[in-house]
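This report covers contacts, packing, salt bridges and surface of the chain shown below.

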Amino acid sequence: MDRVPEAADQPAGGRRASRIGLLAVWPALVIYTITHVIDLLAVWRAATDIHRPLIVTLSRYDAFSYVSIATRGYDPAIPLKPDGTLSTTNLAFFPLFPGLSALVDPILPGDGRIAGVVISWLAGLAAAWGLFAVGTHLRDRRTGIILAVLWGVLPLAWVQAMGYSETLFTALAAWTLYAVLRRNWLLAGPLCLLAGLTRPTAAALVAAVGLAALVAVIRRQDGWRPWVGGALAPLGFLGYVAWVGARLGRADGYFHVQNDSWKMRYDDGSYTLRMLHKLFTGPQPLAFYVITALLCLAVVLLLLAIPDVPWPLLVYAAVIVVLALFGDGYFNAKARLILPAFPLLLPVAFALGRARWWTVTVILGSLAGFAAIYAVYLTTIWKFSP
């Protein structure tokens, strides 16, 4: 019942899919951890120079909102500014990450910020393990190690160490999609449900799992299991959206929060195009050029992934990229929004999996060095959320 689906069949995948235990994955976890420790040391040194405590650096922007939810709960209504217009509200943030932070906070030293950072670091290891599982399933152990490390040395990898929810979501998404590839619907459904309680981009994961389950039902595969997995998949996302609606007393409550409180809407891509036009008509901060390069690279990698990557992973990655490109506002966060779209890295991991180890080491080492430098830039020079 758990064999690989036809849409995801790869040579030797069935034989390798079970080789994802700790004895197999430990190099990926060790290298992933080392790269983040290097980032941490670099940022700590830079933060010390500007007299900013490291925990403050790790808990800024969205992380602050998660801490407020973990310690004080959600806003009872959308706050108002002095002029009577809507202010931002923590109702925009999904509950799983702050909920886990609240659970571990009493057993950890310090305040709620420590708990959020600890959850992120543990989630990073779980995500690296999940990526290793996917890469190993599709190719081999070497590809799995490279995929996990590659995700950990992206320019925005520093976010994985902050009290943000992207890392936890990526961990849940990776294991959900691995379960889909294995046609383990009774695992994919609950994991997708949890991912739906983590970030609004879970809509991409719900689409991938739902379509894969529908295909299995149409093909009459796996009996009742895809029915259960497909039914469970959207419940976390829909449940939180419904809860916000009930709290605000309007059915479109969550979308009211996004559109009118946070001014986050979707358009025909004109906002993104306007920002790109600005990049070519006048000087802009370094971060905007990096973000633009990553967005363009994401589109290219998505196209390159089409021939070799199973379609459920393509659906998941494509929806995330579309949500980022067509979002109206917060250009500074667009690269972070595509961070969980790890299937985009599969063409690179496949290519590096065939390269010599010294080539792989040079490439990943160079990326790790740039990621550390960029982390310092984001925490000491950049004035907005990464």
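Residues 24 or more positions apart account for 78% of the contacts in the protein chain with a separation of 6 or more, a contact being heavy atoms within 4.5 Å. The model is predicted, so local features need pLDDT of at least 70 and side-chain atom pairs count only at pLDDT 80 or more, while totals for chains, interfaces and linings use all residues. Residues are numbered from 1 along each chain as its sequence is written, and side-chain values use heavy atoms, with hydrogens and water left out.

The protein chain contains 19 helices and two strands; these are DSSP runs numbered from the N terminus, helices being H or I with at least four residues and strands E with at least two. Its radius of gyration is 20 Å, close to the 21 Å that the globule rule gives for 386 residues, so the chain is as compact as a globular protein of that length. That radius is taken over C-alpha atoms, and the rule is 2.2 Å times the number of residues to the power 0.38. The C-alpha trace spans about 60 × 50 × 50 Å along its principal axes.

Of the 386 residues, 53% count as buried. Buried means under 20% relative accessible area, exposed means over 50%, and partly exposed lies in between (1.4 Å probe, protein chains only). The chain exposes about 16600 Å², of which carbon and sulfur atoms supply 70%; accessible areas come from the Shrake-Rupley method with a 1.4 Å probe, and for residues only the protein chains shown count as cover.

In helix H9 (residues 185-195), the buried residues are Trp-185, Ala-188, Gly-189, Leu-191, Cys-192 and Ala-195. They pack against helix H8 (166-181), helix H10 (202-218) and helix H11 (225-232). In helix H5 (residues 96-104), Leu-96, Phe-97, Pro-98 and Ser-101 are buried, and the buried residues of H5 pack against helix H4 (62-72), helix H6 (112-138), H8 and H9.

Gln-258 lies in helix H13 (residues 253-261) and is buried, with a relative accessible area of 12%. Leaving aside residues up to four places away in sequence, Gln-258 touches Ala-92, Pro-200, Lys-263 and Met-264.

The structure holds eight salt bridges, each a side-chain nitrogen of Lys or Arg within 4 Å of a carboxyl oxygen of Asp or Glu. Three of these pairs are tabulated.

| Salt bridge | N to O distance |
|---|---|
| Glu-166 and Arg-336 | 2.7 Å |
| Arg-183 and Asp-222 | 2.8 Å |
| Arg-250 and Asp-252 | 2.7 Å |

Glu-166 in helix H8 and Arg-336 in helix H17 (residues 334-337) are 170 residues apart, and their pair links distant parts of the chain. Both Glu-166 and Arg-336 are buried. Together with Asp-62 and Arg-199, they are linked in a network of salt bridges. Arg-183, in the loop between H8 and H9, and Asp-222, in the loop between H10 and H11, are 39 residues apart; both are buried. Arg-250 is partly exposed at 35% relative accessibility, and Asp-252 is partly exposed at 34%.

There are zero disulfides, a disulfide being a pair of cysteine sulfur atoms within 2.5 Å. Cys-192 is buried at 1% relative accessibility, whereas Cys-296 is partly exposed at 43%.

Trp-26 sits in helix H2 (residues 22-49) and is partly exposed, with a relative accessible area of 48%. An α-helix has 3.6 residues a turn, so residues three or four places apart point the same way.
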